[in-house]
Amino acid sequence: MSLLENLKRSKPLHFTLIDPGKTSVDQSVKIAQAAYTAGTDAILLGGSTDIDPVKLDKIASKIRDHIKLPIILFPGNINGLTKYAHAVLYLTLMNSLDPYYITGVHVQAAPILLRMNLEVIPTSYIIIGYGGTVAHVGKALTVPNEKPELIASYALAGGYMGAKAIYLEAGSGAPQPVNPEGVKMAKLLVTKAGLDALLIVGGGIRDSHTASMLVKSGADAVVTGTLAEKDPGKLKEVIEAVKRLKVPSLR
Ligand code: 1GP
């Protein structure tokens with residue numbers, strides 16, 4: 001069974017994001033260890049700037065050696081790949097104005113991924129509201145957070161294009177997470193269309209109330225990055241809150 005299918009069996013999921021551009025090798029292992037103990041489901045590894053592939057190799061191989069968690073790459077560019085991971089979110093930045101982030105880098109990455117033998121997860125990546133660094137780097141025309149119907153249309157389009165995961169992103173450190181109404185509508189449309197893509201939501205999730213609200217709105221997985229770096233105690237609370245919930249069925 002694929003890693004993705006296996007993960008889906010324990011929904012709702014919590015993913016811990018480690019940004020190799022922001023954390024040292026030792027810090028990264030520490031974060032992964034704390035997240036594992038708290039019950040996270042997987043490590044997402046990636047970032048938008050300052051990614052050194054040598055350091056990325058070290059982080060991934062150390063986490064892989066010491067911690068029993070799947071490592072899923074969340075690459076911002078071609079330098080975000082390592083053979084020490086288990087899988088990769090093959091991200092199509094749906095609302096980028098630059099074809100490089102829609103299909104361009106994918107052509108560069110494809111043969112490398114085949115050699116690395118990673119599980120490739122086709123993912124529609126949609127940047128909403130604040131966006132922050134990832135929106136700037138990815139030249140995204142961000143979707144207004146107050147337009148849930150537009151968020152949902154993007155998500156459905158991603159599903160129709162064959163994505164196995166749909167990632168709604170508010171940007172790391174976003175003052176507001178993705179609008180729960182947008183998550184709800186996205187889930188509704190994707191389910192109505194009979195699609196089975198994993199709905200991932202991240203950016204600006206800093207407490208268990210917000211994480212729970214997003215899961216209750218239909219997120220299959222929530223991602224926390226900044227919190228994992230800054231407040232391991234609170235990270236534990238968030239993970240525990242998520243793992244207590246069941247994804248509502250909208251069928
Ligand atoms: C992952 O970019 C987010 O989708 C991470 O955001 O750092 O705000 O948790 P935070």
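Begin with the largest pocket, which has a volume of about 730 Å³. On a 1 Å grid over the protein atoms alone, a pocket is an open set of points with protein on both sides within 12 Å along at least five of seven lines, while a cavity is a set of points where a 1.4 Å probe fits but cannot get out; lining residues have an atom within 4 Å of a point. Grid points are joined across faces, edges and corners, and a volume is the space filled by probe spheres set on the points. Before you select anything, note that this is a predicted model, in which local features need pLDDT of at least 70 and side-chain atom pairs count only at pLDDT 80 or more, whereas totals for chains, interfaces and linings use all residues. Residues are numbered from 1 along each chain as its sequence is written, and side-chain values use heavy atoms, with hydrogens and water left out.

Now select Gly-47, Ser-48, Phe-74, Tyr-125 and Val-134, which lie nearest the centre of the largest pocket among its 47 lining residues. Which element gives the largest share of this lining? It is β4, with 5 residues, and β4 spans 87-93; helices (H or I, at least four residues) and strands (E, at least two) are DSSP runs, numbered from the N terminus. The lining divides into 21 nonpolar, 21 polar and 5 charged residues, where Ala, Val, Leu, Ile, Met, Phe, Trp, Tyr, Cys and Pro count as nonpolar, Asp, Glu, Lys and Arg as charged, and the others, Gly among them, as polar.

Next, select the ligand, which sits in the largest pocket, meaning that more than half of its atoms lie within 2 Å of the pocket's grid points. Around the ligand are 13 residues, the closest being Tyr-167, Ser-172, Gly-173, Gly-225 and Thr-226; a residue is near a molecule if one of its heavy atoms lies within 4 Å of it. By class, this shell has 3 nonpolar, 9 polar and 1 charged residues, and β6 (165-169) and β8 (221-224) each supply at least two of its residues.

Zoom in on the side chain of Tyr-167, where an N or O atom is 2.4 Å from an oxygen atom of the ligand, and then on the side chain of Thr-226, where an N or O atom is 2.4 Å from a ligand oxygen atom. At Gly-173 it is a backbone N or O atom that lies 2.8 Å from an oxygen atom of the ligand.

For the next stop, select Leu-4, Leu-7, Phe-15, Ile-72, Leu-89, Ile-121, Ala-165, Leu-198 and Ile-200, which line the largest cavity. This cavity has a volume of about 40 Å³, and its lining has 9 nonpolar, no polar and no charged residues.

Finish with two places in the backbone. A cis peptide bond, with omega about -5°, joins Lys-11 and Pro-12, and Pro-12 lies in the loop between α1 and β1 (13-18). Asp-50, in the loop between β2 (42-45) and α3 (53-66), has phi near 60°, a positive value in a residue other than glycine.

Methods: Polar contact = N/O pair within 3.5 Å; in protein donor to acceptor, adjacent residues only side chain to side chain.
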